[in-house]
Protein chains: 2
Amino acid sequence: MPRLTPRPAQWLILGVLALVLLGTLGLLQPAAHRGTLAWMDALLLATSAVCTTGLSSVNVAEVLTPAGQLWLAALIEFGALALLVLAFGFVGLGRRGVVARTRASRELGIGAGQDFRGLLRRVLALALGIQLLGFLLLLPDMVELEGAATGTRYALLHSVMAFGNAGFGFWSDGVARLPAPSLLVLMALVVLGGIGFVTLDETERHLRGRWGRAIRPPRLSTQTKVGLNITGILLLGGAILFAALEWQRPGTLGELGWRDKLLHAAFQTTVARSAGFATLDYGQLAAPTLLLIMALMFVGGNSGSTAGGIKTTTLAVLLAATRAVLTGLSDVELSGRRVSGTLLMRALTVVTLALLAVGGGTLALMLTDGEQRSLALAFEAVSAFTTSGLSVNLTGQLSDAGKAVLVLLMFLGRVGFLSLLLAFRPAQPSYVRLPEEKEFTVG
Amino acid sequence: MPRLTPRPAQWLILGVLALVLLGTLGLLQPAAHRGTLAWMDALLLATSAVCTTGLSSVNVAEVLTPAGQLWLAALIEFGALALLVLAFGFVGLGRRGVVARTRASRELGIGAGQDFRGLLRRVLALALGIQLLGFLLLLPDMVELEGAATGTRYALLHSVMAFGNAGFGFWSDGVARLPAPSLLVLMALVVLGGIGFVTLDETERHLRGRWGRAIRPPRLSTQTKVGLNITGILLLGGAILFAALEWQRPGTLGELGWRDKLLHAAFQTTVARSAGFATLDYGQLAAPTLLLIMALMFVGGNSGSTAGGIKTTTLAVLLAATRAVLTGLSDVELSGRRVSGTLLMRALTVVTLALLAVGGGTLALMLTDGEQRSLALAFEAVSAFTTSGLSVNLTGQLSDAGKAVLVLLMFLGRVGFLSLLLAFRPAQPSYVRLPEEKEFTVG
Ligand SMILES: [K+]
Ligand SMILES: [K+]
């Protein structure tokens, strides 16, 4: 008998859709914008905010009124915490009971048997606390740059945008005019937002336990260890490559002192993975650098965070499987654990669907906006699908059909291909186990 | 104790390397070429022939003498049958016995327990017989086009090149001047060469059994069924998409009648998967078409054939895993069989390494030849790694460093990432089985 009550993944899709439509309607109100705002641009902007991307076809500082800007921040905040809000909804449902709760927690990346309600409260408090701290730290520089009223609003907006990993540009030069300490605050907010809420909570309790000299600080899960390790490797490796590729290049790092070269390389690598703030003119970057950033965007952040991409854990499984095959091991090993066949299947699925989405998106953009550079179109497709939000200054020049492609890619990327399609999954176990095929050549 | 005798994969690498060096030296002989031939161009050409690619930085019809052209055909023939020759070598070793033979047969995609020596003899006879038939069928058209002497040579060359899936261009317009029947012969040769030697043998015996009304015609293996199915789907789907994208485009299909439109779409899709013959000016193709061809090249042909790419079986595993996850099955099922965890690991490895090679190759070409179009460079990298041999008329314009990148990519692609790295694999089983990790979010 088909079930008529929506499942968690369907709730997620419906929730995000409703939020996007509400956001679009809000942005189209006369109080929210100056002059005219086409509905496609409003839809793109609302999707971009809810999906925590940061792509926009209009200049948000000029087109949106202060009220519109705060509306945008609210959309980002809801989008960033959507998974949490959804999960609270499930706990609130109460009588749905164990099954729904277990499903929701699996999608949030929470281990079974954890204190669900307590975890969610702690994580929400942590998320809001971090953003409040970010706001206070950004306030002085922002007020000095923009005066008291605008400065306060900008400090709030940038704290929300950085933690939500949705870096809309408020200045013509991105955030390049901010002094180094504020850039470091933004970087920290981006990393904390993209690290995953459960990982964040675990790490916080682990560190508090160690600093408080607890005899047994809470153990870190495989998920958290892998996520933190890959995050560290990608940030460091990416920054070194970025610096090497652009060190002498005029218009990007070429004219800067070595301190600024390192700062901007680190900053761009950090935000490339999901946040979309620019301190450099992306139109000026060399093609190899764009390819490097596309690779970073494609990997993205940790599961259950505001970041997109195939996620660090998927990359870890890919690399671990490769290592296992090349060293002749019969199991995939990761962080002292054996990776189950189910996880291998999921990793294959994520990579396959991500490649199809990025390839299909690029193909679609080539058809709708064929006069643009192919590399720029591919960059835009990857940026949208991974909800990274970086752009080679292209979004505003796209046709309406091209903008619709981006809206679709962002939606698919944020709601997650997997959740999207899990929603239509018949909940049937396979009763018949087929004979195994081993004598078969792959590759 | 480390083993000092080379393993099958190492024999393969050494053999291909030796053949490439021998081929380069041969091409550099005064009898083999007219005027001057730079050693890098000779190296690229020899690698391209041995790896059955078809890329060349010089015009082989103008630069090579008839003797040089026959030398090129010999290199292709040896390259195409390298795996077979290698396997014969193993059987010849005799005393190495079961272990070496089992390893070699696994790399050839042959099931355990089959009659090894008999299979190899049959396959070799089949390969040479098909090429002889192709030569005879091509002869009339070639003689009419080029006269008796050159025409005979061209018929031989094109039969070898088509079956070996290494389509070097002998005319300025590719093979566009050939009449439709000859194009169909070339297509058939390309498909038969790229279908895999073992698949070819199985299919031939299966068909002979059915046509001979045998009561029990030899069963087709999973490998063969999957390979044939995916080959059919890719050819048909690719041809339809190709025709749709280029139907009206001037300079490609636009000026042709509908029969020729269909013929050329089918032909280009067939050769895109590995053979590298052009009947259209690739510089004139639309960006979406180039992307489509890159996708076809990336998948490539069947395992154990002259074709490159990740192979149809890998694609089948990717799609089957995706279907299993989306429909909530706990096993990956393919053609009525359960796919083992080992095969999932290998598929993940093949995809990971192929993405790294293609991405790294494109990045390297962007650094060596940054003034070229990014899409053309990516196309060239995919074409070289998948040993497809199509080019947006770019190979001749590359710098020496860029040509070296192509040589490396072709070598990696043909010898196979996996074989290359299996050669350095310590033959250790994992004695300790780690606890399984299931509570972990991927994607
Ligand atoms: K973002
Ligand atoms: K080829």
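Guide: Happy to! A helix here is a DSSP run (H or I) of at least four residues, numbered from the N terminus. By that count, A:Ser374 is found in helix H16 of chain A, residues 374–385. Keep in mind that this is a predicted model. A:Ser374 is buried, because its relative accessibility of 14% falls under the 20% cut-off. Leaving aside residues up to four places away in sequence, A:Ser374 touches A:Met366, B:Ala287 and B:Leu375.

Now to the rings you asked about. Over all chains, the structure holds two aromatic pairs. In one of them, the ring centres of A:Tyr154 and A:Phe170 are 5.1 Å apart and the planes stand at 65°, so the pair is edge-to-face; the angle cut-off for that label is over 60 degrees. A:Tyr154 belongs to helix H8 (residues 148–163) of chain A, while A:Phe170 sits in the loop between H8 and helix H9 (180–194), so the pair ties together parts 16 residues apart in sequence. A:Tyr154 is buried at 6% relative accessibility, and A:Phe170 is buried too, with a relative accessible area of 4%.

In chain B, B:Tyr154 and B:Phe170 form an edge-to-face pair, with 5.1 Å centre to centre and 65° between the planes. B:Tyr154 lies in helix H8 (residues 148–163) of chain B and B:Phe170 in the loop between H8 and helix H9 (180–194), so this pair ties together parts that are 16 residues apart in sequence. B:Tyr154 counts as buried at 7% relative accessibility, and B:Phe170 counts as buried at 4%.

How values were computed. Residues are numbered from 1 along each chain as its sequence is written. Chains are lettered from A and ligands numbered from 1 in the order in which they are written. This is a predicted model: local features need pLDDT of at least 70, side-chain atom pairs count only at pLDDT 80 or more; totals for chains, interfaces and linings use all residues. Side-chain values use heavy atoms; hydrogens and water are left out. Helices (H or I, at least four residues) and strands (E, at least two) are DSSP runs, numbered from the N terminus. Buried means under 20% relative accessible area, exposed over 50%, partly exposed in between (1.4 Å probe, protein chains only). Contact means heavy atoms within 4.5 Å. Rings of Phe, Tyr and Trp (its six-membered ring) pair if their centres lie within 6.5 Å; planes under 30 degrees apart count as stacked, over 60 as edge-to-face and the rest as tilted.
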